[in-house]
Every structure is written in structure tokens, then in C-alpha cells.
Amino acid sequence: MIELRFHHELYDGFALDEAAKVYAPYADLALEREPEGYVIRLTASAESTKQGIDERTLSAELANFALGLTIERQAAGELGAGPDAIEGTP
Amino acid sequence: MIDPGTTLAPDRVEVRLEEAAFPRDAVYGAAYTFIDRCYVRLDRAGDGHLAIVLRAKIPGKMNGEALAAEVRDEVFAQAFRLRLAEDGRELTAAIVAGAFGAGGSGEPAEPSIDDLLAGPDDAFSAGSDPLGIAQSWEEKYAKKAAKGEQGP
């Protein structure tokens with residue numbers, strides 16, 4: 001299991017939520033909002049591991065996706081992180 | 001020589017930036033340019049500092065020192081670009097306003113209350129025909145001919 005921490009001032013909650021949805025088929029993901037930021041706990045699924053996708057790569061790709069989407073949303077003026085975006089995500 | 005705000009490790013580069021010195025958009029813009037080549041993370045690095053952390057997508061194929069310099073250059077370039085855009089905003093707005101009217105939105109300026117109360121200009125309102133274009137030939141010239149007959 002890999003735990004990823006994202007500072008809430010630097011990452012958009014909706015972007016993290018979206019990233020988790022995109023990578024959900026490849027890993028078990030748990031999202032939480034803690035006082036210092038968002039936390040994603042990622043465990044690669046057995047299927048992904050069998051395909052040779054390691055947890056480290058998966059978590060790095062997820063983080064890249066989340067950052068990219070955060071920046072795109074910020075550029076589009078849609079930034080609005082919120083704890084509600086995190087809750088209810090698989 | 002390695003910048004003191006830079007930490008190099010195998011397949012990992014961390015560049016620390018003073019938050020007050022660069023707009024957040026510049027840091028975002030710089031980070032975005034490396035997303036296709038590296039795994040990029042943004043984080044806080046102590047009081048008033050941000051860190052851009054890059055990790056190689058393919059281990060062993062990263063020149064950390066060159067990459068760190070590239071990150072710094074990109075942050076400066078993005079910050080400069082933002083400043084130019086900000087400085088030029090008033091000039092751009094003035095040009096647009098001059099071209100399209102005070103609104104600057106390309107729409108014609110709204111009429112004032114006095115214009116609306118005065119009603120349409122009779123000479124050029126719909127239905128008016130100051131040049132007599134809508135008149136038939138007979139209307140226009142038969143009257144003149146009749147007047148001519150009555151004349152001397």
C-alpha cells in the first residue's frame with residue numbers, strides 16, 4: 001500500500017477525485033481529507049500486478065494526472081477544492 | 001555548481017522556490033511543462049517555500065542537474081510571461097475599447113435614457129422616405145407635370 005499526500009492549497013479536490021476514478025480499475029483506492037491535505041491510499045489490484053503494473057508507477061501516474069487536471073482547472077478558472085468532492089469516492 | 005535550493009538524488013530532483021517570489025500560476029505553469037517527461041509533485045517545503053519534485057519516468061535516464069536548471073528557467077519564464085500579460089492588460093483593453101466602443105465587448109454602446117425618450121429620428125426612422133425612393137414614377141413626376149401645366 002502506498003500513501004500519497006497532497007497539500008490542499010496546491011491540489012484541487014475535484015481533480016484528485018477525478019484521478020481516483022480514472023485509476024480505480026487498476027487499484028483499490030481510499031481517499032480522505034485530513035487537516036494538512038488530501039490523502040490517497042493506493043493498493044494495486046491483483047490484476048494490475050499480474051500485468052506488471054507496480055504500485056509505485058501507478059501512484060506516480062495518479063499524482064501526475066491529478067496535478068495536470070488541477071492546473072487545467074485552475075487555468076480555466078474552475079478551481080474549487082472541497083471535502084465533498086472527496087467523500088463518496090470509491 | 002548546484003543551486004542551494006535544489007536537492008538531487010538518483011532519478012529524483014527537488015527544486016525549492018520562495019513562494020513570495022513567484023506567482024502560483026508561474027509555478028503551476030512550470031510544473032505542467034514537465035508532466036510529459038517526469039512524474040511531478042508539488043508540495044510545501046517549510047515556511048513560505050514550495051517544492052517542485054520531479055522523478056524520472058524511466059530510471060537512469062535523467063540528468064538531474066540539467067533538469068533542475070530547466071525547472072528554474074521555466075519558473076522564471078512563466079513568471080515573466082505573466083508579468084508581461086498583466087502589464088499589457090490595460091493597453092489591450094484600451095485598444096479593444098477604441099475599436100469597439102466603451103464596452104470593449106464588440107457590442108454597440110447602449111443608448112442613453114435621453115436618446116430613448118427622444119424617440120426615433122424622423123428623418124431616418126423606419127418608414128420615412130426623405131429622398132422619395134419609395135414613391136412611384138407617377139406620384140413623383142405626374143404631380144410635377146400637373147404643376148408645370150398650371151404654371152406659365
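1. Is the crossing of α1(B) and α2(B) left-handed or right-handed? In this predicted model, the two helices of chain B make a right-handed crossing. The axes of α1(B) and of helix α2, which spans residues 64-100 of chain B, come within 8 Å and cross at roughly 130°, and that angle makes α1(B) oblique to α2(B).

2. A student who wants to find this contact in the structure can look for its residues one helix at a time. From α1(B) come Asp25(B), Ala26(B), Val27(B), Gly29(B), Ala30(B), Thr33(B) and Phe34(B), while α2(B) contributes Val71(B), Glu74(B), Val75(B), Gln78(B), Ala79(B) and Leu82(B). Sorted by class, the residues of the contact of α1(B) with α2(B) comprise 8 nonpolar, 3 polar and 2 charged.

3. Glu74(B) deserves a paragraph of its own. This residue lies in helix α2 of chain B, and it counts as buried because it has 20 C-beta neighbours inside 10 Å, where 20 or more is what the term buried requires. Leaving aside residues up to four places away in sequence, Glu74(B) touches Ala30(B) and Thr33(B). The pair Glu74(B) and Phe34(B) shows how the fold brings together parts of the chain, for the two are 40 residues apart in sequence but 9.6 Å apart in space, taken from C-alpha to C-alpha.

4. Helix α1(B) also packs against the other chain. The crossing of α3(A) and α1(B) is left-handed, whereas that of α1(B) and α2(B) is right-handed. On the side of α3(A) the residues are Leu67(A), Gly68(A), Ile71(A) and Gln74(A), and they meet Tyr28(B), Ala31(B) and Tyr32(B) in α1(B). This contact of α3(A) with α1(B) has 5 nonpolar residues and 2 polar ones, with no charged residues.

5. The contact between the chains as a whole takes 9 residues from chain A and 11 residues from chain B. On the side of chain B that touches chain A, the elements giving two or more residues are α1 (24-34) and β3 (38-44) of chain B, and the largest share, 6 residues, comes from β3(B). That side of chain B divides into 7 nonpolar and 4 charged residues, with no polar ones.

6. The overall layout of each chain can be set out next. Chain B has 4 helices and 4 strands, which follow the pattern β-β-α-β-β-α-α-α along the sequence; chain A has 4 helices and 3 strands, and its elements run β-α-β-β-α-α-α from the N terminus on. Of the 152 residues in chain B, 16% are buried, and of the 90 residues in chain A, 36% are buried. Among contacts with a separation of 6 or more, residues 24 or more positions apart account for 53% in chain B and for 68% in chain A.

7. Helix α1 of chain A, residues 13-23, is mostly covered, since 8 of its 11 residues are buried. These buried residues of α1(A) are Gly13(A), Phe14(A), Ala15(A), Leu16(A), Asp17(A), Ala19(A), Ala20(A) and Tyr23(A).

8. A local backbone detail in chain B is worth checking by eye. Asp11(B) is found in the loop between β1 (6-9) and β2 (12-18) of chain B, and it has a positive phi of about 60° although it is not a glycine. Because Asp11(B) has 17 C-beta neighbours inside 10 Å, it counts as partly exposed.

9. Finally, a word on confidence in chain A. The mean pLDDT of chain A is 86, and 87% of its residues reach 70 or more. Where pLDDT is low, the predicted coordinates should not be read in detail.

Technical notes. Residues are numbered from 1 along each chain as its sequence is written. Chains are lettered from A and ligands numbered from 1 in the order in which they are written. This is a predicted model: local features need pLDDT of at least 70, side-chain atom pairs count only at pLDDT 80 or more; totals for chains, interfaces and linings use all residues. Two residues are in contact if their C-beta atoms, placed from the backbone, lie within 7 Å. Ala, Val, Leu, Ile, Met, Phe, Trp, Tyr, Cys and Pro count as nonpolar, Asp, Glu, Lys and Arg as charged, and the others, Gly among them, as polar. A residue is buried if 20 or more other C-beta atoms lie within 10 Å of its own, exposed if 12 or fewer, and partly exposed in between; C-beta atoms are placed from the backbone. pLDDT is the predictor's confidence in each residue, from 0 to 100. Axes are lines fitted to C-alpha atoms, for helices over the stretch in contact, and angles run from 0 to 180 degrees between N-to-C directions. Angles under 35 degrees count as roughly parallel, over 145 as roughly antiparallel, 65 to 115 as roughly perpendicular and the rest as oblique. A crossing is left-handed if the near helix is turned anticlockwise from the far one by less than a right angle, and right-handed if clockwise.
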